[in-house]
Amino acid sequence: MIKVQHEDFDIGAEIAALKADRTDIGSIVSFTGTVRDAADTITEMTLEHYPGMTETELERIEKEAHTRWPLQASLIVHRTGTLKPGDNIVLVVTASEHRDAAFDAARFLMDYLKTSAPFWKRETGPQGSKWVEAKASDEAARTRWSPRKDAAE
Amino acid sequence: MRLLYFAWVKEKTGIAAEDVDVPGDVATVAELMAWLKMRGPEFENAFDRAEVIRAAIDHAHARHDAKIGGAREIAFFPPVTGG
């Protein structure tokens, strides 16, 4: 499931909803990304996105994860708009019978989301505001997952 | 054809979206960016580093050599930084 929203999310509540009334799930992995201000340089972060393509892209990535691993359920929540340091940005939850699939799929979802979901961060601090630049390390992280032979790039 | 601009591409062009009649001999994403650059100083500035700009055709990522024929909506934006 995909959710793109300004509102905060409750990780416990999202996981509870995902496993409600299910007894077949054996492993649940969650990843939460938050607004980082390690050096007191950020007072707020604004996330712009491309409505329509964002949902399409997140659904494509989620579907891809389900073709690669035996997932029983998954969830991607991404916030938009203006956030403060410490605020939640993104939540990825994966569920499977055994832990390997859930762990690997969660990492895959984040690596792909980082490099293909149309979001752009703008940081504001005492020195003004600037667009966050894409990191080569994110692109490298994505390449750890080889494309499937039948995948259209 | 509907054109959309995001993040610093939007700031530089000064607009978020527009409908344009693209000449028939503009066949690819790269050619469209070259054509847009000629539309004034804002566009020349926005597409100055065209090689770093990413494009999407009808909500799907597209390479610069992708054909634009039949596209309804083309978006231009910097490399994404979500997550």
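1. A definition before the interface: two residues are in contact if their C-beta atoms, placed from the backbone, lie within 7 Å. By that test, 14 residues of chain B are in contact with 22 residues of chain A. Two elements of chain B, α1 (7-13) and β5 (73-77), each supply at least two residues of the side that touches chain A. What is the make-up of that side of chain B, counted as nonpolar, polar and charged? There are 9 nonpolar residues, 5 polar ones and no charged ones.

2. Keep in mind that this is a predicted model. The predictor gives the complex an ipTM of 0.96 and a pTM of 0.94. For chain B the average pLDDT is 97, and 100% of the residues score at least 70.

3. Chain A holds 4 helices and 8 strands. Along the sequence they follow the pattern β-α-β-β-α-β-β-β-α-β-β-α.

4. Inside chain A, 31% of the 153 residues count as buried. Now take the contacts in chain A with a separation of 6 or more. Residues 24 or more positions apart account for 75% of these.

5. Chain B has 3 helices and 5 strands. From the N terminus on, the order is β-α-β-α-α-β-β-β. Why call chain B as compact as a globular protein of its length? The radius of gyration is 12 Å, close to the 12 Å that the globule rule gives for 83 residues, so the description holds. The C-alpha trace of chain B spans about 35 × 30 × 20 Å along its principal axes.

6. Of the 83 residues of chain B, 33% count as buried. Among contacts in chain B between residues at least 6 apart in sequence, 52% join residues at least 24 apart.

7. Next, the strand pairing in chain B. Strand β1 (residues 2-5) is joined to strand β2 (residues 17-19) by 3 bridges, and these two strands run antiparallel. The bridge partner of L3(B) in β2(B) is E18(B). β1(B) is also joined to β5(B), by 4 bridges, and here the strands run parallel. Y5(B) stands opposite F76(B) in β5(B).

8. Which residues have the most contacts inside the largest nonpolar core? They are V92(A), A105(A), L109(A), F6(B) and A75(B), in a core of 52 residues. Helix α3 (residues 99-116) of chain A gives the most to this core, with 9 residues.

9. Please look at F6(B) in the viewer. Leaving out residues up to four places away in sequence, F6(B) touches E48(A), Y50(A) and W120(A) in chain A, and A75(B) and F77(B) in chain B. A75(B) is also listed with F6(B) among the residues with the most contacts inside the core.

How values were computed: Residues are numbered from 1 along each chain as its sequence is written. Chains are lettered from A and ligands numbered from 1 in the order in which they are written. This is a predicted model: local features need pLDDT of at least 70, side-chain atom pairs count only at pLDDT 80 or more; totals for chains, interfaces and linings use all residues. Ala, Val, Leu, Ile, Met, Phe, Trp, Tyr, Cys and Pro count as nonpolar, Asp, Glu, Lys and Arg as charged, and the others, Gly among them, as polar. A residue is buried if 20 or more other C-beta atoms lie within 10 Å of its own, exposed if 12 or fewer, and partly exposed in between; C-beta atoms are placed from the backbone. pLDDT is the predictor's confidence in each residue, from 0 to 100. A nonpolar core is a set of buried Ala, Val, Leu, Ile, Met, Phe, Trp, Tyr and Cys residues joined through C-beta atoms within 7 Å. The radius of gyration is taken over C-alpha atoms; the globule rule is 2.2 Å times the number of residues to the power 0.38. Two strands pair if DSSP finds at least two bridges between them.
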